[in-house]
Amino acid sequence: MSDTHPTRIDLRSDTVTTPTPRMRQAMSEALVGDDVYAEDPTVNELQQEAADLLGFEAGLFMPSGTMTNQVAIAVHTQRGQEVICAEGSHIYEWELGMMATFSGVVPRFVAAPGGVPDPEGVRRAIRRSIHQSPTGLISLEDTHNKAGGTVLPLPVLAGVREVADQERLPLHLDGARMINAAAAQGVKPSEIAKHFHSVSLCLSKGLGAPVGSVLVGSCDFIGRAHRYRKMMGGGMRQAGILAAAGLIALREGPRLLPHDHRRARALAHALVEAGYSVDLETVQTNMVYATIPDAQARCDAWAAEGLLANALDHDRVRFVLHHQISDELLSRAVQVIGGR
Ligand code: TLP
């Protein structure tokens, strides 16, 4: 059983996947309880499994990556502070100013060529003076979406953590696609997560769950996160129905990611062959950004042939691979792109 239209090749995002038959079965059989009372056994299992995978004490299940990031910011910061983040970070660019409206904090961007900030640049961005908004948090994004799904090298993570420790600042990871980053580097996810005080991990991106994200951290941090999740309307009651699919995603999703990465590279080469410009250096995981004149018109023309991609700018198109794009569907996409 699949909900995906057979003639539609949807590369707009890895969020578009539909639940697999195993996910649907697990959802229908899930044991549930009221999660606001922390009594949903399937949610509790998912939270602990995500925390264990990333090497943390506790986890908290929420509907979206936006919520896990924004709850983390609320716990870590005080009103009037700044959050240091790499230029183009999702927590500011695509989270609708929530850090300002919910937590009363503002971003301070640091340069991040290819999505990778320099630890010394992070240090220089820290504000302490009485005349300035003090820094409250440093937040990194791995993989970095806007830079093309690029991976942050482990020495950079260690370097930023050193700065955070020296300056006594908390360090958060928007790890929506951090399992992709781990797969690309051939390391355990905990090797990335160990550099952070909190991590937001999305189940509904490359891992393929229909809904959900888990925030992990210390017991104390997660205890405080409960209150902000409730304030945001994230108390979902019998959420085990959703967590059941999340558990399948967490257990079965990671081994599929290297195939998405291989297909992304193949797509990038096909785009170059078709005459479009792609910075192949940035194609490190499951995303391809191409420079395409009249991007929206080109995407509309491809959509008429069943190929969906995201025009993000007047000349920039994003393609994202995911587990419901087989080699066969990729070949068809390549034909459409080549005008065949
Ligand atoms: N990203 C979505 C869109 O919002 C752009 C996508 O299609 O890529 N962090 C990162 C790095 C993300 O890419 C996203 C979603 C989120 C957080 C937010 O997750 P959700 O959509 O679950 O709120």
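Colleague: Okay, which residue in E7 does His-172 stand opposite?

Modeller: His-172 stands opposite Ser-198 in E7. Keep in mind that this is a predicted model.

Colleague: And which way do E6 and E7 run, parallel or antiparallel?

Modeller: Parallel: strand E6, residues 171–175, is joined to E7 by four bridges.

Colleague: What about E7 and E8, parallel or antiparallel?

Modeller: Those two pair in the antiparallel sense, again over four bridges, with E8 covering residues 213–217. Within that pairing, Cys-202 has Ser-213 in E8 as its bridge partner.

Colleague: How many of the residues in E7 are buried?

Modeller: Five of the five, so the strand, residues 198–202, is mostly covered. Ser-198, Ser-200 and Cys-202 point one way from E7, while Val-199 and Leu-201 point the other way.

Colleague: Switching topic. How many salt bridges does a search of the whole structure find?

Modeller: The search turns up 17 salt bridges.

Colleague: Pick one for me. What does the side chain of Arg-237 meet in a salt bridge?

Modeller: The side chain of Asp-34, at 3.1 Å from N to O. Arg-237 sits in the loop between helix H10 and helix H11, and Asp-34 in the loop between helix H1 and helix H2, so this pair ties together parts that are 203 residues apart in sequence.

Colleague: Is Asp-34 buried or exposed?

Modeller: Buried, with a relative accessible area of 16%.

Colleague: Which residue meets Arg-251 in a salt bridge?

Modeller: Glu-49 does, at 2.8 Å from N to O. Arg-251 lies in helix H11 and Glu-49 in helix H2, so the pair ties together parts that are 202 residues apart in sequence. On accessibility, Arg-251 counts as partly exposed at 45%, and Glu-49 counts as partly exposed at 25%.

Colleague: What does Glu-191 meet in a salt bridge?

Modeller: Lys-194, with 3.0 Å between N and O. Glu-191 counts as partly exposed, with 34% relative accessibility.

Colleague: And which residues are linked with Asp-10 in a network of salt bridges?

Modeller: Arg-8 and Arg-12 are in that network along with Asp-10.

Colleague: Back to sheets. In what order do the four strands of the open sheet come?

Modeller: The order is E9-E10-E13-E12, and the pairing is antiparallel.

Colleague: Which strands stand at the edges there?

Modeller: E9, residues 277–278, and E12, residues 310–311. Each has a single partner strand, so one side of each is left without a neighbour in the sheet. For E9, two bridges join it to E10, residues 287–291, and Val-278 stands opposite Ala-290 in E10.

Colleague: Which helix lies across E9, E10 and E13?

Modeller: That's helix H12, residues 257–273, running at about 10° to E10.

Colleague: Zooming out, how many helices and strands does the chain have?

Modeller: There are 14 helices and 13 strands. The C-alpha trace spans about 60 × 50 × 35 Å along its principal axes.

Colleague: What radius of gyration does the chain have?

Modeller: It has 20 Å, which agrees with a compact globule of 340 residues, for which the value would be near 20 Å.

Colleague: What share of the residues is buried?

Modeller: Buried residues make up 54% of the 340 in the chain. The accessible surface comes to about 14300 Å², and 51% of that belongs to carbon and sulfur atoms.

Colleague: Last one: among contacts between residues at least 6 apart in sequence, what share joins residues at least 24 apart?

Modeller: For this chain, 72% of them do.

Note on methods: Residues are numbered from 1 along each chain as its sequence is written. This is a predicted model: local features need pLDDT of at least 70, side-chain atom pairs count only at pLDDT 80 or more; totals for chains, interfaces and linings use all residues. Side-chain values use heavy atoms; hydrogens and water are left out. A salt bridge is a side-chain nitrogen of Lys or Arg within 4 Å of a carboxyl oxygen of Asp or Glu. Buried means under 20% relative accessible area, exposed over 50%, partly exposed in between (1.4 Å probe, protein chains only). Two strands pair if DSSP finds at least two bridges between them. Contact means heavy atoms within 4.5 Å. Axes are lines fitted to C-alpha atoms, for helices over the stretch in contact, and angles run from 0 to 180 degrees between N-to-C directions. The radius of gyration is taken over C-alpha atoms; the globule rule is 2.2 Å times the number of residues to the power 0.38. Accessible areas come from the Shrake-Rupley method with a 1.4 Å probe; for residues, only the protein chains shown count as cover.
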